[in-house]
Amino acid sequence: MAAGITVGRRWLDVVEVRGRSMAPSLLPGDRLLVESHTYQDRTPRLGEVVLAADPRNPARELIKRVAKIDEATACAELRGDDPAASTDSREFGAVPLAEIRWRAVFRYWPPGRAGRLVAGD
Amino acid sequence: MLTIRALIHPSRHVHAHCDIPCGIYDPEQARIEAESCLRIIEKHDASDDKLFRARCIHVKEERAELVKHHLDVLWHDYFKPEHLEKYPDLHETFWKASKQASTVKQSLDAAAARELLAMIDTIDGMWKATGGPEKTRVSGRPS
């Protein structure tokens, strides 16, 4: 079992949410399953919760929702679900689709709010 | 490897990021400095002491600068584009208030200082109407 998961780690990972800009759908301390398989085959879609490097500080990884896609420039606008408490594409601009590799798919913690993360949720 | 330990405490943190980690805003900060300006101008006018009057001018200029700073933080960090939809004159309001703070910094006009207070109160109204007190202050202070 461990061996299988080790192999899978390349496209499957777990992350912990920090900050409140995705409230109420994601709260600080939420643990999520993220995967990088989907975006090898296709680009992110509207409403999906994605991870992206902060354009102003690439060492920091952001979690935001895809709010708009510009096919012409191949860029996505990212937004927090709580716009009043979010620093996002409104400040740092659109993010190239090619730089979005990870998608959040499932919350496993806390158990009371565990479940699949639906696009546009 | 995804161990139980990694599941419980993921080492990878993703940021539902907000630029200001504290997220605390309140136009009261600007108002208190503006009130200082008004009171200092009144004290200046009531005094014959040259040295005291010089100190008044110096301190009032510092306070007026702080008003500008606090207004800037509110303007740039608290207010967001969706607030602009609700208050299309938001930029104009801040621009004028900031200029008024400059006027107070440069002058000894008590009326100008009162006008600045009124402008800050307008901004305070916007902050309150956009949920500022609930969202950007910590509750629980004894009343």
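A residue is called buried if 20 or more other C-beta atoms lie within 10 Å of its own, exposed if 12 or fewer do, and partly exposed in between, with C-beta atoms placed from the backbone. Helices (H or I, at least four residues) and strands (E, at least two) are DSSP runs, numbered from the N terminus. The model is predicted: local features need pLDDT of at least 70 and side-chain atom pairs count only at pLDDT 80 or more, whereas totals for chains, interfaces and linings use all residues. Residues are numbered from 1 along each chain as its sequence is written, and chains are lettered from A and ligands numbered from 1 in the order in which they are written.

Figure 1. Strand 5 of chain A spans residues 75-79. Its covered face holds A76(A) and L78(A), while C75(A), E77(A) and R79(A) form the uncovered one. In a regular strand the side chains alternate between the two faces of the sheet. Two strands pair if DSSP finds at least two bridges between them. Strand 4 (residues 57-70) of chain A pairs with strand 5 of chain A in the antiparallel sense over 5 bridges, and I69(A) stands opposite A76(A). Strand 5 of chain A also pairs with strand 6 (residues 95-96) of chain A, again antiparallel, over 2 bridges. Here A76(A) stands opposite V95(A).

**Figure 2. The turn between strand 4 and strand 5 of chain A.** These two strands form a hairpin with 4 residues between them. A74(A) lies in the loop that separates the strands and has a phi near 55°, a positive value in a residue other than glycine. A74(A) counts as exposed because 12 other C-beta atoms lie within 10 Å.

**Figure 3. Two cis peptide bonds in chain A.** Most residues other than glycine have a negative phi, and most peptide bonds are trans. A cis peptide bond joins A23(A) and P24(A), with omega about 5°. P24(A) is placed in the loop between strand 1 and strand 2 (31-35) of chain A. The peptide bond from W109(A) to P110(A) is also cis, with omega near 5°. The loop between strand 7 (102-109) and strand 8 (115-116) of chain A contains P110(A).

**Figure 4. The largest nonpolar core.** A nonpolar core is a set of buried Ala, Val, Leu, Ile, Met, Phe, Trp, Tyr and Cys residues joined through C-beta atoms within 7 Å. The largest one has 24 residues, and those with the most contacts inside it are A97(B), L116(B) and I123(B). Helix 2 (28-46), helix 3 (50-78), helix 5 (90-106) and helix 6 (110-129) of chain B each supply at least two of its residues. Helix 6 of chain B gives the most, with 7 residues. A second, separate core of 23 residues includes V15(A), V34(A), V49(A) and A52(A). Two residues are in contact if their C-beta atoms, placed from the backbone, lie within 7 Å. Leaving aside neighbours within four places in sequence, L116(B) is in contact with A34(B), V67(B), A97(B), Q100(B), A101(B) and V104(B).

**Figure 5. L117(B) in helix 6 of chain B.** L117(B) lies in helix 6 of chain B and counts as partly exposed because 18 C-beta neighbours are found inside 10 Å. Its contacts, apart from neighbours within four places in sequence, are R31(B), A34(B), E35(B) and L38(B). The C-alpha atoms of L117(B) and A97(B), 20 residues apart along the chain, are separated by 9.0 Å.

**Figure 6. The buried side of helix 2 of chain B.** The buried residues of this helix are A30(B), E33(B), A34(B), C37(B), I40(B) and I41(B). They cover an arc of only 115° around the axis, so they lie on the same side of helix 2 of chain B; the arc is that of the directions from the helix axis to the C-beta atoms. Helix 3, helix 5 and helix 6 of chain B are among the elements that cover these residues.

**Figure 7. Where chain A meets chain B.** In this view, 29 residues of chain A are in contact with 18 residues of chain B. Helix 1 (2-8), strand 1 (12-18), strand 3 (49-54) and strand 4 of chain A each give two or more residues to the side of chain A that touches chain B. The largest share, 6 residues, comes from strand 1 of chain A. Strand 1 of chain A runs parallel to strand 1 (residues 13-15) of chain B, and 3 bridges join them. In strand 1 of chain B, H13(B) is the bridge partner of E16(A).
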